Structures are given as structure tokens and as C-alpha cells.
Amino acid sequence: MKELNIAVLAGDGIGPEIMEQALKITKAVCNKFGHKLNYKEGLTGAIAIDTVGDPYPSSTHELCMNSDAVLFGAIGHPKFDNDPSAKVRPEQGLLRMRQMLGLYGNIRPVMTFPSLIHKSPLRSDIVEGADFMCIRELTGGLYFGRPQGRSEDGNTAYDTCVYTREEIERILHLAYKFAGQRNKKVTVVDKANVLATSRLWRQVAQDIAPQYPDVETEYMFVDNAAMRIIQWPKSFDVLVTENLFGDILTDEASVITGSLGLLPSASVGIHTSLFEPIHGSYPQAAGKNIANPIAMILSAALMFEYAFKMMEEGALIREAVNASLEAGIVTEDIADGGKSYSTSEVGEWIVNYIEK
Ligand code: IPM
Ligand code: MG
């Protein structure tokens with residue numbers, strides 16, 4: 001028996017509804033395998049701004065630091081999006097959380113679900129069997145580089161892209177380690193023909209690659225990578241890249257599988273690891289019990305696997321999710337006009353599968 005101490009940050013929009021399903025499933029798995037689950041909820045995002053004036057309050061940070069893993073729903077609210085004068089934004093909470101927890105590695109697996117291949121915007125022969133992992137650097141680059149701001153007259157704006165050798169080394173080591181357990185290929189994506197930071201990435205990659213003799217290294221410019229992801233997704237195994245390129249490419253990669261509602265992610269680094277769906281807070285659907293809970297549920301599977309090294313537990317969740325998709329127990333976004341189920345019905349079906 002093991003004890004799992006997790007922080008639960010449901011956040012905004014559909015966050016609370018999908019989190020409820022992931023928690024039900026986490027509890028069911030813990031019961032089945034005889035683990036003890038302790039969880040505490042924390043405030044983050046727009047809801048935290050509304051209640052305490054801070055999207056990542058220090059109480060939430062302490063909770064995360066004292067937990068073994070963080071389950072995270074989604075943050076963001078439309079009332080902040082078109083208000084350039086808003087002093088605090090939900091997204092700032094997310095960025096501060098990544099920085100304070102030292103979550104430098106964002107792992108976004110891209111996998112296909114056989115029963116949903118027909119929903120992919122790509123031809124099925126291109127996407128069938130695609131299975132790769134995007135590793136995005138998450139605490140450096142343009143997102144955090146200083147200076148950032150405006151000139152005094154307000155007519156010039158600047159962001160700074162900064163990377164140190166150490167930052168690049170640790171994310172590349174992560175990528176090579178994953179590749180060693182997978183199909184032994186790392187694609188380093190950069191813009192080394194233009195950017196100084198990219199040239200440092202490439203140099204560091206060349207220094208590190210010999211430490212992983214069984215892994216092949218491929219270098220690719222980001223524009224070419226954007227093209228290759230839709231032309232030949234099966235050619236990738238582990239794709240590693242800097243923060244902003246990774247932000248863009250992972251959105252692109254996530255839709256080739258047929259639904260954005262399905263893919264989970266893990267963020268790992270110095271302190272507690274965090275697990276969250278790739279999709280956002282989908283405010284239009286909030287409170288309607290229609291959102292697809294699968295990405296959140298698969299994030300819980302990643303939590304079992306990465307944070308607790310409980311591979312069987314994670315595999316059981318995946319199996320249950322696949323069974324629900326095969327059985328057509330799906331929310332309306334992937335129901336294809338056929339019968340659809342509510343968020344909580346999908347969650348309950350998966351709980352029943354796990355219990356039996
Ligand atoms: C993501 C999101 C965030 C990012 C936003 C909400 C700040 O797009 O997690 O990919 O850009 O990192
Ligand atoms: Mg993004």
C-alpha cells in the first residue's frame with residue numbers, strides 16, 4: 001500500500017466538472033489497488049482572482065509544494081481576454097506556478113485513438129499509428145526573458161528570448177531519456193538559421209548526443225517541423241523544442257488525432273510534477289455537464305505513471321478510456337451526431353469499468 005498526497009486545482013470554466021470525473025476515477029483506482037488517497041483542493045485562475053485577488057495565491061503554492069503531485073484542470077475566463085487594461089490575468093497564475101514549481105519540462109504525448117481516426121482533419125493513412133511525444137521547454141525563452149515591455153512613448157514593444165546552457169541541457173536530457181525508452185529518435189526543433197538562442201540549442205544538443213549512442217538525433221527548423229507534423233507525423237518519436245515553438249507545435253500536433261478534448265500532459269521539473277489536459281477552460285460549456293473529461297482522466301493516468309511509478313494503475317485507466325470510446329460512451333464533441341453522454345455519465349462508466 002502506498003499513500004498518495006495530491007493537490008487538486010480545478011481552476012475555471014469546465015475545470016471543476018472534468019476534475020470531478022478524474023477524481024472519481026483516481027479514487028476507484030486507489031481502492032482497487034489498495035492505496036490511500038489524500039487530496040486537498042487549492043484555488044487558481046480567474047476564480048482565485050475573484051476570491052483572493054491573485055491567480056496563484058501563496059496558499060496554493062504551499063499546497064503544491066507539500067504534495068506528491070498536482071492535478072490541474074484549466075484556467076482562463078473570457079472577461080480578461082479582451083481587456084488590455086486588466087492588471088492581473090489568470091494566465092499569469094499559470095506562468096508563475098510553472099516558474100515557482102520549476103516545471104521546465106512539458107510532456108505532451110500525441111497518440112491516436114483507433115475509434116476516432118475518422119475525425120482527424122488528416123487522411124487516415126497519414127495519421128493512423130502516429131505516436132510521438134512533444135517535449136516543450138516550459139520556464140525559459142520569450143515567455144520569461146527580460147527585458148519585456150514598452151518604450152516610454154508606448155510605440156515600441158519588446159520581448160527577450162534567453163536560454164542558458166544549463167536550461168537547454170536539462171530539457172535535452174529529459175528528451176533523450178524518453179527516446180531511449182521509446183523508438184530511439186530525438187528531433188531537436190529550432191530556428192538555428194536565424195536565432196542565436198537556437199544556435200546554442202543546437203550546439204548543446206551536439207555536445208549531449210554522444211552520451212546517448214543508441215538514440216538518433218535529427219535537427220529540424222521549426223517551420224519545416226510545422227509542415228512535417230501534418231505531412232508525416234509518423235516520422236517523429238520525441239520532438240524537443242523551446243517554449244514558444246513548443247506552445248504552437250503542440251496545439252497543431254494535438255488536433256491531428258481527431259480531438260483536442262482527448263490529450264493529457266505532464267509538466268515535470270524541480271519540485272512537484274503537474275498533470276493537466278492540453279485543452280483550455282472552454283467557458284461556453286462551463287456548468288453544462290457536456291465537456292469531454294477524457295484528457296483530464298488521461299492526465300490522472302499520467303500522474304500514476306510519472307509521479308508514482310504505478311504503471312499498472314495508469315494502464316488500467318487507459319484501458320478503461322479506450323473501452324469507453326469503443327463502446328461509444330462519449331460526450332457530444334466526438335459523438336458524430338449519434339447518442340452522446342454527459343461529462344458525469346462518461347466518468348461513471350469509466351469508474352464502473354475500473355471497479356469490475
Ligand atoms: C498552454 C497555454 C498557455 C501557454 C497559456 C494559457 C499561457 O497555451 O499551456 O499551452 O502559452 O503556455
Ligand atoms: Mg498553448
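User: Where is N289 found?

Analyst: N289 is found in the loop between β12 and α11; helices (H or I, at least four residues) and strands (E, at least two) are DSSP runs, numbered from the N terminus. This is a predicted model, in which local features need pLDDT of at least 70 and side-chain atom pairs count only at pLDDT 80 or more, while totals for chains, interfaces and linings use all residues. Residues are numbered from 1 along each chain as its sequence is written, chains are lettered from A and ligands numbered from 1 in the order in which they are written, and side-chain values use heavy atoms, with hydrogens and water left out. Phi of N289 is near 60 degrees, a positive value in a residue other than glycine.

User: Which peptide bond is cis?

Analyst: The bond from R146 to P147 is cis, with omega near 5 degrees, and P147 has its place in the loop between β5 and β6 (149-150).

User: In what order do the ten strands form the sheet?

Analyst: Two strands pair if DSSP finds at least two bridges between them. Here the order is β2-β1-β3-β12-β11-β4-β5-β10-β8-β9, in an open sheet with mixed pairing. Because β2 (36-41) and β9 (216-221) stand at the edges with a single partner strand each, one side of each is left without a neighbour in the sheet. From one strand to the next the twist averages 25 degrees, angles running from 0 to 180 degrees between N-to-C directions of axes fitted to C-alpha atoms, for helices over the stretch in contact.

User: How many bridges join β8 to β9, and do these strands run parallel or antiparallel?

Analyst: Six bridges join β8 (residues 185-190) to β9, and the two run parallel; T187, for example, has E218 as its bridge partner in β9. By contrast, β4 (residues 105-111) and β11 (residues 264-268) run antiparallel and are joined by three bridges, with S267 in β11 as the bridge partner of N106.

User: Which residues surround ligand 1?

Analyst: A residue is near a molecule if one of its heavy atoms lies within 4 Å of it. Around ligand 1 stand E91, L94, R98, R108, R136, Y143 and D247. An oxygen atom of the ligand is 2.7 Å from a side-chain N or O atom of R98, and the corresponding distances are 3.2 Å for R108 and 2.8 Å for R136; a polar contact is a pair of N or O atoms within 3.5 Å. Taken alone, ligand 1 exposes 320 Å², of which the protein buries 72%, by the Shrake-Rupley method with a 1.4 Å probe.

Terms used:
Polar contact = N/O pair within 3.5 Å; in protein donor to acceptor, adjacent residues only side chain to side chain.
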